[in-house]
Amino acid sequence: MTLSTTDTLAKPGAPAGPGKFRSLLRAMRYLWTRKIIFLAVMILFLIGTIAFISLSVMLGFAVNSLSRSTDPGALLQVVMVMIGLALVAFITYYLGFRLFAGVTQSALFQLRQDLFEHTQELSLRFFDRQPIGELMSRVTNDIDVVTAFFQQPLGTLIMGIFMLMTTLVAMFLLDYRLATIASIAIPLLVGLVCLLARVAGPAFALLQERLADLNGLMEETIAGEKTIIAFRQQDQVSGKQAEVSEAARDTGSRAQILSLVMNPLTILVTNINVALVALTGSIMIIHGTLSIGVLTTFLSLTMLFILPLVTIFANYNFILSASVSAGRIFSIMDEQPDVIDRPGAVELKPVQGHVVFRDVNFSYVPGRQVLKHNSFEALPGQMIGLCGPTGAGKSTIINILTRYYDIDSGVIEIDGQDIYSVTQSSLRKQIGVVLQDPFLFSDTVMNNLKYGREGATDEECIAAAKDANCDEFINRLPDGYHTLLTDGGSNLSQGQRQLLTIARAMVANIRILILDEATSNVDTRTERNIQAAIRKLQAGRTSFVIAHRLSTIRPAQQILVINNGEIVERGTHDEMMKKSGFYYDLYMSQFKGRIAEIIPV
Ligand SMILES: Nc1ncnc2c1ncn2[C@@H]1O[C@H](COP(=O)(O)OP(=O)(O)O)[C@@H](O)[C@H]1O
Ligand SMILES: [Mg+2]
């Protein structure tokens with residue numbers, strides 16, 4: 001098995017080391033999805049920035065020309081050029097940002113698409129390791145955080161970096177001595193950023209974790225509302241909610257104070273820097289080595305090049321949380337599916353339904369063997385009953401037949417084809433599954449039936465619905481077959497949902513059928529209804545029926561009694577009843593239970 005770590009979604013503690021922003025850079029690589037436009041944006045930003053910087057240079061020219069002569073003509077010329085430059089800067093930035101919006105949306109689209117496609121490929125083992133609710137809330141949260149970062153500060157930050165670079169170049173070209181003085185502020189400001197990273201960073205990471213807790217709790221509460229009301233737990237839940245919410249509030253204010261005090265600090269550093277440049281410049285002017293114009297330009301540039309740093313500062317928490325979120329998104333995307341098609345896997349040829357298990361061993365987690373030396377054979381068209389105590393391994397046998405999980409050793413064959421030599425999709429296409437909790441999509445009844453097989457026609461679906469005793473209740477629904485099932489079918493009864501999944505399995509028209517406790521959650525009358533539908537479904541198909549009530553599997557040609565992962569007994573109902581073994585005891589205990597229900601002692 002190729003499991004990487006058990007803690008797939010690393011908790012967002014303070015990410016350490018220089019790799020802190022690696023995930024964010026990796027996310028930014030998605031901007032490259034639209035290469036040409038991205039390059040155009042960069043070129044526009046560059047032109048805009050140069051025009052912007054030139055404005056400061058022109059300001060110096062204006063001052064110089066004023067100090068030399070009072071000719072309004074020369075000044076007017078300079079002013080015209082400045083207005084021109086301002087217009088160029090405006091237009092290029094405007095175009096740049098407009099195009100950038102498209103680039104970011106494409107990048108985000110691709111990122112979401114990749115993530116979604118990847119989760120579809122992941123094996124069930126991955127989902128076993130974390131509660132689906134938490135995974136969902138994390139993924140949606142993380143995508144939101146990265147999206148917000150891409151939409152808001154990213155463009156400004158990229159522009160800021162251009163500005164910083166261009167300003168520095170301009171300064172050194174104008175006067176390297178003054179440029180050196182002006183640059184003194186850079187290490188100071190970088191130091192402040194690092195300080196913020198050390199102090200506020202972990203606080204923000206913690207805040208994000210607290211918010212994720214809060215979201216998780218809210219989701220669970222809303223999803224479990226019925227149970228909460230039934231158990232009159234509203235007060236307790238509200239209390240817990242308040243507790244988690246308060247924790248988020250406290251962490252939030254701590255993080256925010258830390259980042260906000262950085263603002264006045266930056267302003268202080270900037271002002272000192274401007275004062276230093278002014279002082280040095282004035283001395284140089286007195287010594288005749290600098291013109292007033294160049295000093296004016298410098299003062300304006302000094303203010304300018306602090307701006308991007310302030311932006312980085314102001315968005316530091318954004319950058320940090322986006323990079324934590326990106327890290328978690330990529331940790332899912334880097335997760336390798338452990339159930340994969342073998343090289344050279346072929347399509348499973350249409351089967352008759354001859355299933356063979358030979359000495360199969362299996363464990364979900366290494367070291368804890370769940371199935372031990374399972375061997376059995378199901379002939380085409382046979383009904384195989386599986387029974388045994390809860391946790392014996394019945395559902396597990398099904399999980400490995402459908403290759404939701406890979407076995408440790410042994411052989412599983414269908415019609416003589418090893419299931420490991422065929423593709424997963426061709427295997428699953430030929431196995432129909434009806435589970436205890438019927439799963440329906442939030443779609444129309446018809447589309448839910450069509451889900452059974454690609455290309456199924458309306459007529460086929462209606463015929464299957466009739467066979468499965470669904471037709472009648474479907475026709476009573478407001479829009480018949482076109483009724484939209486809300487929230488996975490919560491507008492149907494449990495029994496009706498189960499009948500629909502049976503109809504869906506009929507539409508699929510496959511040779512191998514699995515029914516796992518399909519009638520466990522319904523009343524006896526509905527059970528009879530479902531049983532009748534199931535019997536029709538079973539005709540001519542190999543079926544594996546897991547049932548708690550042994551009466552359900554009584555007609556099976558072969559019953560496998562599973563205990564603790566081993567097949568401890570097998571045979572028909574009559575054969576095993578004569579043996580007075582495990583099955584007999586199981587049957588008698590249920591039988592006595594039934595009698596006790598009817599004739600209370
Ligand atoms: N996804 C899983 N991860 C780890 N252990 C599991 C998983 N599913 C089931 N098990 C364990 O495997 C054993 C058999 O479970 P299962 O096949 O579901 O029993 P049942 O006979 O009731 O259907 C149980 O001990 C159960 O705890
Ligand atoms: Mg089970």
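Guide: A crossing of two helices is left-handed if the near helix is turned anticlockwise from the far one by less than a right angle, and right-handed if clockwise. The model here is predicted, so local features need pLDDT of at least 70 and side-chain atom pairs count only at pLDDT 80 or more, while totals for chains, interfaces and linings use all residues. Residues are numbered from 1 along each chain as its sequence is written, with chains lettered from A and ligands numbered from 1 in the order in which they are written.

Visitor: Which hand does the crossing of α8 and α13 have?

Guide: α8 passes α13 in a right-handed crossing. Helices are DSSP runs of H or I with at least four residues, strands are runs of E with at least two, and both are numbered from the N terminus.

Visitor: Why are α8 and α13 called oblique to each other?

Guide: The axes of α8 (residues 185-223) and α13 (residues 316-333) cross at roughly 55° and come within 9 Å. Axes are lines fitted to C-alpha atoms, for helices over the stretch in contact, and angles run from 0 to 180 degrees between N-to-C directions. Under 35 degrees counts as roughly parallel, over 145 as roughly antiparallel, 65 to 115 as roughly perpendicular, and the rest as oblique. α8 and α13 are therefore oblique.

Visitor: What makes up the contact of α8 with α13?

Guide: On α8, V193, L196, A200, G201, F204, A205 and Q208 meet Y316, N317, L320, S321 and V324 of α13; contact means C-beta atoms, placed from the backbone, within 7 Å. These residues divide into 8 nonpolar, 4 polar and no charged. Ala, Val, Leu, Ile, Met, Phe, Trp, Tyr, Cys and Pro count as nonpolar, Asp, Glu, Lys and Arg as charged, and the others, Gly among them, as polar.

Visitor: Why are α8 and α10 described as roughly antiparallel?

Guide: The axes of α8 and α10 (residues 234-260) cross at roughly 160° and come within 8 Å. The pair is therefore roughly antiparallel. The crossing of α8 and α10 is left-handed. Their contact has 16 nonpolar, 6 polar and 4 charged residues.

Visitor: What makes α17 and α19 oblique?

Guide: The axes of α17 (residues 458-467) and α19 (residues 494-508) cross at roughly 130°, and the pair is therefore oblique. This crossing is right-handed.

Visitor: Which helix gives the most to the shell around ligand 1?

Guide: Helix α14 (residues 394-401) does, with 3 residues. The residues around ligand 1 include D128, Y364, K394, S395 and T396; a residue counts if its C-beta atom, placed from the backbone, lies within 6 Å. By class, the shell has 4 nonpolar, 6 polar and 2 charged residues.

Visitor: How do you know how confident the predictor is?

Guide: The average pLDDT (confidence in each residue, from 0 to 100) is 85, and 95% of the residues score at least 70. Over residues 1-18 the pLDDT is below 50.

How values were computed. Two residues are in contact if their C-beta atoms, placed from the backbone, lie within 7 Å.
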